[in-house]
Amino acid sequence: MNRPSKTIQSKSHVATIFGQGVVFLVLMAVVFIGGFSYTDIQYGVRHPEYLSLTLQQIPERLRLSLHDVAVADSDTQSSPLDVYASVLETVQSEFYGSLPSVPKTDSSPAIDSDHFLTYSAIRGMMGSLGDRYTRFLDPRDYSDMEDDEQGQFVGIGAQLDENKKNQIYIVKPLPNSPAIKAHVMAGDIILKVDDKAVLGMDITRVVSMIRGNPHTPVTLTVARQGAANPIKIQIIRDFVHQEVVVWKMIDTQHKIGYIALFQFNEESDPQIDHALTELQKQGMKALVFDLRGNPGGLLNVAQDVASRFVDNGPIVWEKERGGELHSLDVEIKQHNHPHYPVAVLVNGGSASAAEITSGAIKDDKAGVLIGETTFGKGLVQTVIPLPDHSAVAITTAHYYTPLKHDINHIGILPDIPVSLTADDEKNINQYAQSHPDDTVDLMYDSQLKKAVSNLVSRQAAGEHPEGWD
Amino acid sequence: VEAGKITGQLKVFAYTIAAIIFLGGSFYGGQRLRLASLQRPLHQSRLAQSINIRAGAYAISQTGAIAASPIFPAAIADSSGPSTGVAGSDSAIGSEQIEDFLNSDSPAATFQQVYMLLKEQYVDRIDSDVLLAHGAAASLITALDDPNSRFMDRAERVAVEAQADGLFQGIGVAVMVRRVQRPDGILDRQLTVVDSLPGSSAQKAGLRTGDIITSINGHWVLSYDPFAEKANDLKKLEDDPYSFNKAVDALEKQETQGYALDKAQAALDVTSATPLILIVHRPGTALPLTLNLDASVPVQVQSVESHRLANGTGYVGINVFTKTTAADFRSSLSQLDGSKGLILDLRDCSGGMLSPGIDIAKSFDPTTKFGSIYLRSDRGSKTVVDGVPTEVKPLKDGDSPSVAPVNFKGPITVLVNQGTANTAEMLAAFLHDRIGASIIGSNTFGDATAQTLFPLSDGSAFALTTGVMRTDSDLAFNTRGLMPQYALADPGHAADPDSDACIAKAEEIIAMGRSAKAASVSPKSSHSTKLAMNDINHTLSSFRAAAELKFLHARAAQLSGGHQ
């Protein structure tokens, strides 16, 4: 009798010990993780705003830490920082020759050799990834890019160019610009900027001399046709909005409007809004939206612009490394104009944000794409500023069109392919030169002509502007 | 009771273990976090998000300690790094120090910030830090714009190091980069052949000294900025966007598919199964030549070759300076003992290691120096040479055991040509200045640069120009070369020693009994240096007129451009 019971007892004892063992191990693991993250949690408690972030990071930190141990065991590599630091220090102490640096210019501060070499190393490190969009922006590149993205800069608001005699002249003062307020005129040849002669100077140098801080004066001395003596003009610098949109009613009979967008920056959507309002006043019934040669720009601006044409649903799907697809959807607030029949012009120069916009319009059948296959850049970059005023642009995500097509290296095929021949391009170019004030070329631009005829036939088939659902 | 006791002991044991594990975990986690504590908001919020705890974890895993160095105020440096040599891994790491470092705007911090952002945010997982590290190092070295400094991965380093043993991989050619200011103002960096090694496929294919390699397997050697070259053409096309874009596209294609100079050199230096197709420009030849070379078999070059010529003159040829050169040279001399005179053939000798040259010099005259090397230095005696603060270091081989002096009786002649470079130039100058050897041939190549190979802990390395040599009599010969006393129109090549004008001239001189004594030269004259530096033409004429005894340096006709 004893035996069985003892057996049972010992069995249960084994089970207990086993169970305790499991509990013990689990407890130990919990204790370890608790210990591991003790500092995190402590930190999180002291800084409640980081608590959730801190807690979320724990599994990842554990994984990485264990991974580090594994890597350290098979250690053959040294970190890029070690290699960079060794090379830089050796170069600084041993290299026979002068260390490269960039002297100060009118528009940018000097870059000393430490920074010059470091920036080169960073460019090399980023370049090794083989992705041309993942790149380093030194402080000057970055400030240029910021100007570009904001679509505004401080200056006088005049377009400059160099003529055949290497003189810098005003092509035209922009509307509402400080230049036009100070009565600068198209054709004025700039002789001096703030009493410094600029003849023979590089145009970028002259531009940087004219630019400066807002609300500060700059004096131009210009030669004007018909004026006996050079004219001195004082202009107060101010914020100037970049023109990224041109528009025109190109077919008054069929009320076909035309809007070309050159770039996706902070100015793009307000300027399109303005153009739509003006064209609406003129009774527009259909729209040609020209995205040819548009290299893209900001993702959120593409979302804003595409929302003007697409009814609802996703504009684009984004996917980060190891992440899920998530969509950027139509913003209904953008439906403040009627929904016009649209023909979108695209070509091989339409890239990035321009492809997101045209891809959304195509997939949603919100318009007809006419022209050539687009560039094929299905990657999203994030620009991250660094403490020393430089920045990095890093490809952080792939994107897909609303129907989840990957367009990277493929591009978007137009619904109606129309290619320009070399002759077409030459003719278009000649036309543009002889008609500098024309917004569009309805003579030789066969893509634009196709867009117009497409809209006319759709009009005949009963397609008209309508309100949004 | 027993069981209870055991259970009790177990419990105590378990609690102890738990406590230890907790502390261990806490310590481990704390260690990690200390380096990772980056949560303090930076002035850019996006950065704060990006360089977060996770990213910080990378910092500790690959970097040992914080080193306070004068260059990096608070750089993280590996204690095993070759030149940092600061703090060991057991030194205290203050989290605040790390935090300050990673939030700072110092160059090293900027580098690390970018690295962490790439690891964290780049769309594809970056598994290899080696790729990133090498990309950074290569680009940093390239930024020096010094054609003779370059980064090498492990394979290239192994190949270059094997050259010290006379084993040449790839096509067996010594090249260097010449900087030439073109008439249109563009700085051209020409990948120039110094020598093809005997027995190599380069020699078999007829690659010659002075040939400029412009393309390797269809990849243009990126020797200058094509956009700078075509700037004027492009400007003319500005009014014609169609043609302009086409021209720019073509140039971009040329550039993106091209080989940077370091990559081009690596392609020549490393053995590959596929043959190399080179396009070379040969000065004096109108059309470029296309050469097909086998790169699959390394060539073992015999450093020293010697024999007695028909009339009893001893002949020693040095192809390249390797580890065994000095010993081989001495044994050759002892075999040739009793010869009427000695012909030392340094034609087509591109140099190689420096120490064998010093060693050979020492066997002739152990008391003097081989020459000088001008180093960049912030300490010691400062002389300004070409704008660089320098320290002059006499080139003596202090470490090597004292060598038995050679007692070669009889006149010595040295043969040089356009392919005589670097260590070979130094040795020729030394033998002239100290031993009174007669120099016969043509202007030498003019490579006085000294490179040092700095190994990195992962097996890669970088070669850096660390100095410029001057001869024993303080002559600078970089890019200019040295001019022989007895200039011959066609000095011939080392490959064919029995029947050429140089040998004949040497035998003639030896026969004339111009002994070393008779030809002895007043060494080291600051006068000559000054002349040589300032007015080469004057130097040439005055020296020619005075006596054909001075070893001149002259501007080699085909070479121009700045120093080094």
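**Notes on the predicted two-chain model**

1. Is B:Glu156 buried or exposed? Its relative accessibility is 13%, and the cut-off for buried is under 20%, so B:Glu156 counts as buried. Neighbours within four places in sequence aside, B:Glu156 touches B:Arg150, B:Phe151, B:Ala266 and B:Val270.

2. On to the overall make-up of chain A. DSSP runs give this chain 12 helices and 19 strands. Of its 469 residues, 47% are buried. If you take the chain A contacts with a separation of 6 or more, 65% of them link residues 24 or more positions apart.

3. The largest nonpolar core is worth a look, with its 50 residues. Those with the most contacts inside this core are A:Tyr84, A:Val87, A:Val91, A:Val392, B:Val114 and B:Leu118. Which elements each supply at least two residues of this core? From chain A they are helix H3 (80-94), helix H4 (113-127) and strand S18 (391-400). From chain B they are helix H4 (95-103), helix H5 (107-121), helix H6 (129-143) and strand S21 (461-471). Apart from this core there is another one, of 43 residues, including B:Val304, B:Leu333, B:Ile373 and B:Met469.

4. Ignoring neighbours within four places in sequence, A:Val392 is in contact with A:Met126, A:Arg135, A:Phe136, A:Thr382, A:Val383, A:Ile384 and A:Leu386 in chain A.

5. Now for the rings. Searching the whole structure turns up 7 aromatic pairs over all chains. One of interest is A:Tyr84 with B:Phe111: the ring centres are 4.3 Å apart and the planes are at 5 degrees, so this pair is stacked. Because A:Tyr84 belongs to helix H3 of chain A and B:Phe111 to helix H5 of chain B, the pair joins two chains. A:Tyr84 and B:Phe111 are both buried.

6. Two arginines sit over rings as well. In chain A, the charged end of A:Arg211 is placed over the ring of A:Phe153, 4.1 Å from its centre. In chain B, B:Arg178 has its charged end over the ring of B:Phe445, 4.0 Å from the centre.

7. Chain A also has an open sheet of 6 strands, ordered S10-S11-S12-S15-S16-S19, with mixed pairing. Its edge strands, each pairing on one side only, are S10 (245-251) and S19 (416-417). S10(A) runs antiparallel to strand S11 (residues 256-261) of chain A, and 6 bridges join the two. Within this pairing, A:Val245 stands opposite A:Leu261. Lying across S10, S11 and strand S12 (286-290) of chain A is helix H8 (residues 268-281), which runs at about 20 degrees to S10(A).

8. Last, a hairpin in chain B. Strands S12 (residues 304-308) and S13 (residues 314-318) of chain B run antiparallel and are joined by 5 bridges. B:His307 has B:Tyr315 in S13(B) as its bridge partner. How many residues lie between S12(B) and S13(B) in the hairpin? There are 5, and B:Gly312 in the turn has a positive phi of about 95 degrees.

Technical notes. Residues are numbered from 1 along each chain as its sequence is written. Chains are lettered from A and ligands numbered from 1 in the order in which they are written. This is a predicted model: local features need pLDDT of at least 70, side-chain atom pairs count only at pLDDT 80 or more; totals for chains, interfaces and linings use all residues. Side-chain values use heavy atoms; hydrogens and water are left out. A nonpolar core is a set of buried Ala, Val, Leu, Ile, Met, Phe, Trp, Tyr and Cys residues joined through side-chain atoms within 4.5 Å. Buried means under 20% relative accessible area, exposed over 50%, partly exposed in between (1.4 Å probe, protein chains only). Helices (H or I, at least four residues) and strands (E, at least two) are DSSP runs, numbered from the N terminus. Contact means heavy atoms within 4.5 Å. Rings of Phe, Tyr and Trp (its six-membered ring) pair if their centres lie within 6.5 Å; planes under 30 degrees apart count as stacked, over 60 as edge-to-face and the rest as tilted. A charge sits over a ring if NZ of Lys or CZ of Arg is within 6 Å of the ring centre and within 35 degrees of the ring normal. Two strands pair if DSSP finds at least two bridges between them. Axes are lines fitted to C-alpha atoms, for helices over the stretch in contact, and angles run from 0 to 180 degrees between N-to-C directions.
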